[in-house]
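Please go through the labels used for this structure. For each one, set the value beside the definition.

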2 protein chains.
Amino acid sequence: MVTLNRTREVNETLVKEKEAAFAEFIQRKGLKTTRQRNTIISTFFRLRGHISVEELLNEVKKVNPRIGYATVYRTLHLLVESGLVEERRFGDGLARYEGHSDVEHHDHMICLECGEISEFYNPRLEALQEKLAEENNFEIFRHRLELYGACKDKTACQARKGKKAAKSQGA
Amino acid sequence: MVTLNRTREVNETLVKEKEAAFAEFIQRKGLKTTRQRNTIISTFFRLRGHISVEELLNEVKKVNPRIGYATVYRTLHLLVESGLVEERRFGDGLARYEGHSDVEHHDHMICLECGEISEFYNPRLEALQEKLAEENNFEIFRHRLELYGACKDKTACQARKGKKAAKSQGA
DNA sequence: TGGAATACGAAAACTGTTTTCAATATCGAA
DNA sequence: TTCGATATTGAAAACAGTTTTCGTATTCCA
Ligand SMILES: [Mn+2]
Ligand SMILES: [Mn+2]
Ligand SMILES: [Zn+2]
Ligand SMILES: [Zn+2]
């Protein structure tokens, strides 16, 4: 099995664990616990997918409308530094963030028609990269692999596209 | 053989071919041939590596100091549109451009110590990606694979780093 | 060669992100 | 508890890379 199924439901226990881990990180660094940061991270961990700053801020504002961009940016940096979150860039000029899913590392397929981003992990692919690096006398710290293309199931794809359009009209 | 050796010398015949191809593209699109565009593309094609806009402008200004950013940006867009050049982003916030090397497609290894960017191509890797896409009912239009890490040959790496530092001090 | 179409360059605008700064909140020590 | 050093916040300004605007200049074909 190669495709990772990001669960539709948020695992509340997992979220609590992440919140605790972040709290620990904050303390370890001698930083302070704040209402805003708590709101931001608990909102973030309850969202699924690859979240842009604007998307996150919009959600956060539903809880506390006074929170601004700066705090969201700053908190996301802390989340990344804590290792709980990764930054992604899929070429649309926006940074996107995702909490680690079940598998530590994964790569992405991005449909240019409907915007769907699916995740996959393949050990052979990973191993092959290691082998190539080795041959090149190179040590890999991290990598990124993105496949850009289109869903072959045009029906589902176009449906998603319609939904996405409707949603963005609403926003 | 997996590593692509980007030749140190510029192949003058190849450059002429590319210049001709661009001229043809310009005509086909009903655009005009200009002194500035000629300067920019002939400068670009004679540079090796992954060139940023600023780097290119600096070189271009040696030939014609009156050429500005806007024209360089515009010409690079045309070069990309013509298919003669590809845009790359290696995560430092700058767009970089490269003329196609001998092989149509290649991927990159980026040393985070010395900045060296090396290129490679591996058919098995490409095939494996296709297979994974297939399994996922996905059609790949293009992909990007970047390995970030460090040269294992620390001597050469550090030497390059020193040289690079010296160079950027000079600039 | 005239002139419509295109391109140029400087500067302004734009976009996503970071920084500044004055006001506010946190939290350990007293 | 209260104090006060230290960290945090939010609005706005600054930033960096890129794109657009706009008045002037150039191209190129009828
Ligand atoms: Mn992901
Ligand atoms: Mn390359
Ligand atoms: Zn799709
Ligand atoms: Zn190196």
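The questions and answers below take the labels in turn.

Q: What kind of model is this, and how are its residues and chains named?
A: This is a predicted model, in which local features need pLDDT of at least 70 and side-chain atom pairs count only at pLDDT 80 or more, while totals for chains, interfaces and linings use all residues. Residues are numbered from 1 along each chain as its sequence is written, chains are lettered from A and ligands numbered from 1 in the order in which they are written, and side-chain values use heavy atoms, with hydrogens and water left out.

Q: What makes up the secondary structure of chain A?
A: Chain A has six helices and six strands. Helices (H or I, at least four residues) and strands (E, at least two) are DSSP runs, numbered from the N terminus. Along the sequence the pattern reads α-α-β-α-α-β-β-β-β-α-β-α.

Q: Why is strand E4 of chain A called largely enclosed?
A: Buried means under 20% relative accessible area, exposed over 50%, and partly exposed in between (1.4 Å probe, protein chains only). Five of the five residues of E4(A), residues 107–111, are buried, so the strand is largely enclosed by the rest of the structure. Both faces are covered: A:Asp107, A:Met109 and A:Cys111 are buried on one side, and A:His108 and A:Ile110 on the other. For chain A as a whole, buried residues make up 40% of the 171 residues.

Q: How do you know that E4(A) and E5(A) are paired?
A: Two strands pair if DSSP finds at least two bridges between them. Four bridges join E4(A) to E5(A), residues 117–120, and the two run antiparallel.

Q: In which sense does E4(A) pair with E6(A), parallel or antiparallel?
A: E4(A) and E6(A), residues 138–151, pair in the parallel sense over four bridges. A:Met109 stands opposite A:Leu147 in E6(A). A:Leu147 has a relative accessible area of 0% and is buried.

Q: Why are E1 and E2 of chain A said to stand at the edges?
A: Three strands form an open sheet in the order E1-E3-E2 of chain A, with antiparallel pairing. E1 (51–52) and E2 (85–89) each have a single partner strand, so one side of each is left without a neighbour in the sheet. E2(A) and E3(A), residues 95–99, are joined by five bridges in the antiparallel sense; A:Arg88 has A:Arg96 as its partner in E3(A).

Q: What makes the buried residues of H4(A) a face of the helix?
A: The buried residues of H4(A) are A:Val72, A:Thr75, A:Leu76, A:Leu78 and A:Leu79. Seen down the helix axis they fall within an arc of 160 degrees, so they line one face of the helix. The arc is that of the directions from the helix axis to the C-beta atoms.

Q: Which residues are closest to DNA strand C?
A: A residue is near a strand if one of its heavy atoms lies within 4 Å of it. DNA strand C is surrounded by 22 residues, and the closest are A:Tyr73, B:Lys32, B:Arg37, B:Thr71 and B:Arg74. Of the atoms of DNA strand C that come within 4 Å of the protein, sugar and phosphate account for 74%. H4(A) gives the largest share of this surface, four residues.

Q: Which residues come nearest to DNA strand D?
A: Of the 21 residues around DNA strand D, A:Lys32, A:Arg37, A:Thr71, A:Arg74 and B:Tyr73 come nearest. Here sugar and phosphate account for 71% of the atoms of the DNA strand that come within 4 Å of the protein. H4(B) gives the most to this surface, with four residues.

Q: What makes the pair B:Glu98 and B:His108 a polar contact?
A: A polar contact is a pair of N or O atoms within 3.5 Å; within protein, one must be able to donate a hydrogen and the other to accept it, and residues adjacent in sequence count only if both atoms are side-chain atoms. The side chains of B:Glu98 and B:His108 are joined by such a contact of 3.5 Å. B:Glu98 is also buried, with a relative accessible area of 1%.
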